[in-house]
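Biologist: Can you put the model up? I'd like to go through it with you, one topic at a time.

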Amino acid sequence: MGVTEQDLRELLERDSQDGPHRGVTVADVDGRVRRIRRHRGRAAGSAVVMALAVVTAVGLQPGQPGQQGQVGQAGSSPQDVWTGVLARPTPTVVIGGLDTVVTGTYERGGTRERLTFWTGVDRIGFRVTCGPDDYALVWLNGDLVANGRCTSGPEPSALLAGAFPTRDGENEVVSVVIPAASAGNDMAAEEWAGGVVARTEPYPADWSIQVVQTLSAGCEQKEVVVDPGSGQAPHWICPLD
Amino acid sequence: MRDRADFESYVEQRSARLLRTAYLLCRDWATAEDLVQTALAKAWLAWRRVGANPDPYVYRILTNTHASWWRRRWRDEVPTEDVPDRAAGGGDTGSEIGARDALRAVLVALPAKQRAVIVLRYFEDLPDPVIAGILGCSVPTVRSQASRALAKLRLDPAARAAIEIGG
């Protein structure tokens, strides 16, 4: 005979009752805060050294009006970045708490896909993986925050963007891919983007979006690097506070 | 705006419960203390941005940190999908204590995410949408993780069906 749900509840209740009485105090937490800050301080020093071994790909200054490409990205083209990074010494440490917040995998283009998550991170970044002939658009809480072709990296090709501040409570990420040929030259204009998406008929397309946590402070100076050790995984790096 | 007094009050009111939750995640009191201190410290560093109810934020840090430590611990080992039989003697011991020990052993052997779902659902009594928000996954994922965990725990099939339907 199996155990019941009530058995499980009682077991969890009972097992967690005989812990230390002192518990965790504010002083304990303060001590841990100091340790974290010291650790981050050391890591920030390492970041300066490491920055010499990676190529800055994303400056994250606001995109120029009318400029095609990823919102918030500027500077050299993604293709240049990968070539440059792969020619550099292998970075052995990737800095950044880049836990995945939520992911979505889809088989249809031309259709807006919605993901939600609750505040638990300060800033997020996106990695949209889609075909090189696809054009991806991402809205965060109603604002178009990223758009462009999936041209970063050899395989799978991707659109990288971040870091964007979240809001308290529920956050909404809406994303879509459309044929790049439909995108036109000024998709950064929100009204135009919405119109083009609305006119795009659904079509078969394998694509996915990964929403990742980025560190809170200084992510405007964020860099995208490639770890040649793994061969393909792009990472977001933010200076640590 | 949230301030220091808010935070201290939160720690005083919630740390005991958080410690119990952390213990159920990691099954070691010293590690649980470490987890809670780390989660609360990270929460303090982001306190001004935490919403009116800090619990989901803190639970999220707690489960993420535990999962991260768990991955680190198991990096060089291969977890198995097979879990030990709950009743080593073929289920004929008739001992409640033995059955609970066996159940406990299976709980400990669950992957971090499945254990987190079980603890948040059956200890914290959180609804699946809230658990999904904490774990950063969809509600169907929470349910599938719970279903897998319950199968390993060999919860009474009728009870399991009721739980899954009731979600």
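Biologist: Which residues of α6(B) meet α7(B)?

Modeller: This is a predicted model, to say that first. On the α6(B) side they are Asp128(B), Pro129(B), Ile131(B), Ala132(B) and Leu135(B). Their partners in α7(B) are Val139(B), Thr141(B), Val142(B) and Arg143(B).

Biologist: How does that contact divide into nonpolar, polar and charged?

Modeller: Six residues of the contact of α6(B) with α7(B) are nonpolar, one is polar and two are charged.

Biologist: And at what angle do the axes of α6(B) and α7(B) cross?

Modeller: At roughly 100°, and the axes come within 8 Å. Angles of 65 to 115 degrees count as roughly perpendicular, so α6(B) is roughly perpendicular to α7(B).

Biologist: Which residues of α6(B) are buried?

Modeller: Ile131(B), Ala132(B), Gly133(B), Ile134(B) and Leu135(B).

Biologist: What does α6(B) meet in α5(B)?

Modeller: Ile131(B), Ile134(B) and Leu135(B) of α6(B) meet Lys113(B), Ala116(B), Val117(B), Leu120(B) and Arg121(B) of α5(B). By class, that contact has six nonpolar residues, two charged and no polar ones.

Biologist: What about the geometry there?

Modeller: Two packed helices are described by the angle between their axes and the distance between the axes. For α5(B) and α6(B) the angle is about 140° and the axes are 10 Å apart. That angle makes α5(B) oblique to α6(B). The crossing of α5(B) past α6(B) is right-handed.

Biologist: Staying with α5, is Gln114(B) buried or exposed?

Modeller: Gln114(B), which is found in helix α5 of chain B, is buried, because 20 other C-beta atoms lie within 10 Å. The cut-off for buried is 20 or more.

Biologist: What does Gln114(B) touch, apart from residues up to four places away in sequence?

Modeller: Gln145(B), Arg148(B) and Ala149(B). Ser147(B) is 33 residues from Gln114(B) in sequence, and the C-alpha to C-alpha distance between the two is 9.0 Å.

Biologist: Let's move to the loops. What is the phi of Asp125(B)?

Modeller: Most residues other than glycine have a negative phi. Asp125(B) is not a glycine, yet its phi is positive, about 60°. Asp125(B) lies in the loop between α5 and α6 of chain B. With 9 other C-beta atoms within 10 Å, Asp125(B) is exposed.

Biologist: And Arg27(B), what is phi near there?

Modeller: Phi of Arg27(B) is near 60°, also a positive value in a residue other than glycine. Arg27(B) sits in the loop between α1 and α2 of chain B. Arg27(B) is partly exposed, with 15 other C-beta atoms within 10 Å.

Biologist: Zooming out, how many helices and strands does chain B have?

Modeller: Chain B has eight helices and zero strands. Of its 167 residues, 41% count as buried. Taking contacts in chain B between residues at least 6 apart in sequence, 53% join residues at least 24 apart.

Biologist: How many helices and strands in chain A?

Modeller: Five helices and ten strands. Chain A has 241 residues, and buried ones make up 39% of them. For contacts in chain A between residues at least 6 apart in sequence, 74% join residues at least 24 apart.

Biologist: Take α1(A). Which of its residues are buried?

Modeller: Leu8(A), Leu11(A) and Leu12(A) are the buried residues of α1(A), which spans residues 5–15. They cover an arc of only 95° around the axis, so they are on the same side of α1(A). The face of α1(A) turned away from that buried side carries the exposed residues Gln6(A) and Arg14(A).

Biologist: Last topic, the contact between the chains. How many residues does each chain give?

Modeller: Chain B gives 40 residues and chain A gives 33 residues. On the chain B side, α1, α2, α3, α4, α5 and α8 each supply at least two residues. The largest share of that side, nine residues, comes from α2(B).

Biologist: What classes are the residues on the chain B side?

Modeller: The side of chain B that touches chain A has 24 nonpolar, seven polar and nine charged residues.

Terms used: Residues are numbered from 1 along each chain as its sequence is written. Chains are lettered from A and ligands numbered from 1 in the order in which they are written. This is a predicted model: local features need pLDDT of at least 70, side-chain atom pairs count only at pLDDT 80 or more; totals for chains, interfaces and linings use all residues. Two residues are in contact if their C-beta atoms, placed from the backbone, lie within 7 Å. Helices (H or I, at least four residues) and strands (E, at least two) are DSSP runs, numbered from the N terminus. Ala, Val, Leu, Ile, Met, Phe, Trp, Tyr, Cys and Pro count as nonpolar, Asp, Glu, Lys and Arg as charged, and the others, Gly among them, as polar. Axes are lines fitted to C-alpha atoms, for helices over the stretch in contact, and angles run from 0 to 180 degrees between N-to-C directions. Angles under 35 degrees count as roughly parallel, over 145 as roughly antiparallel, 65 to 115 as roughly perpendicular and the rest as oblique. A crossing is left-handed if the near helix is turned anticlockwise from the far one by less than a right angle, and right-handed if clockwise. A residue is buried if 20 or more other C-beta atoms lie within 10 Å of its own, exposed if 12 or fewer, and partly exposed in between; C-beta atoms are placed from the backbone. The arc is that of the directions from the helix axis to the C-beta atoms.
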